[in-house]
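Thanks for coming. Please have a look at it first.

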Amino acid sequence: MNLIQIAAVLMTLAASARGAPSPDEQRLFADGLKAFDAGDARGAERAWKEGYAVAHDPEFLVRIGEAEEKAGAPAEAVDTYRRYLREAPDASDRAD
């Protein structure tokens, strides 16, 4: 993921109904990206789950699903993506 993509995701988080992401949210999102890019899917999943616990922002669920897929846990990923769709019914990436 390049800096433009990271910025886009952070802007999406900031645009959520609850306001700008907290420093903890930003740190956990970045920690997850760093782990994911290093090939540590489970580490990324842990960081993003912590971020979701802090913010309850559905955007974290998409990332968690990606990490679960990369970790070889497709059933977990499907459950996470379904949860994302329930929590963000108007998501622009719903068709994906």
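With which residue does K49 form a salt bridge, the closest N and O atoms being 4.0 Å apart? The partner is E68. Before I go on, a caution: this is a predicted model.

Back to that pair. K49 sits in helix α3, and E68 sits in helix α4, which covers residues 58-70. As for accessibility, E68 has a relative value of 3%, so E68 counts as buried. K49 has a relative accessible area of 41%, which makes K49 partly exposed.

K49 also has a salt bridge to E45, with 2.9 Å from N to O. Here both residues belong to helix α3, and because they are four residues apart, about one helical turn separates them. E45 is buried, at 5% relative accessible area; the cut-off for buried is under 20%.

These pairs belong to something wider. A network of salt bridges links R42, E45, K49, E68 and E76. Over the whole structure, the search finds eight salt bridges.

One more of them is in helix α2. D31 and R27 form a salt bridge whose closest N and O atoms are 3.4 Å apart. Both residues lie in α2, four residues apart, or about one turn of the helix. D31 is partly exposed, with 35% relative accessibility, and R27 is partly exposed as well, with 42%.

Now the packing. Two packed helices are described by the angle between their axes and the distance between the axes. How do α2 and α3 run relative to each other, roughly parallel or roughly antiparallel? Helix α2 is residues 23-37 and helix α3 is residues 41-55; their axes come within 7 Å and cross at roughly 165 degrees. Angles over 145 degrees count as roughly antiparallel, and α2 and α3 are therefore roughly antiparallel to each other. Their crossing is left-handed.

Which residues make the contact? From α2 there are D24, E25, L28, F29, D31, G32, L33, A35 and F36. From α3 there are G43, A44, A47, W48, E50, G51, V54 and A55. Sorted by class, this contact has ten nonpolar, three polar and four charged residues.

Definitions and conventions
Residues numbered from 1 in each chain as written. Predicted model: local features only at pLDDT ≥ 70, side-chain atom pairs only at ≥ 80, totals over all residues. Heavy atoms only, no water. Axes fitted to C-alpha atoms, helices over the stretch in contact; angles between N-to-C directions. Helix = DSSP H or I, 4+ residues; strand = E, 2+ residues; numbered from the N terminus. Parallel < 35°, antiparallel > 145°, perpendicular 65-115°, else oblique. Left-handed = near helix turned anticlockwise from the far one by under 90°. Contact = heavy atoms within 4.5 Å. Nonpolar A, V, L, I, M, F, W, Y, C, P; charged D, E, K, R; others polar. Salt bridge = Lys/Arg side-chain N within 4 Å of Asp/Glu carboxyl O. Buried < 20%, exposed > 50% of the residue type's maximum accessible area, 1.4 Å probe, protein only.
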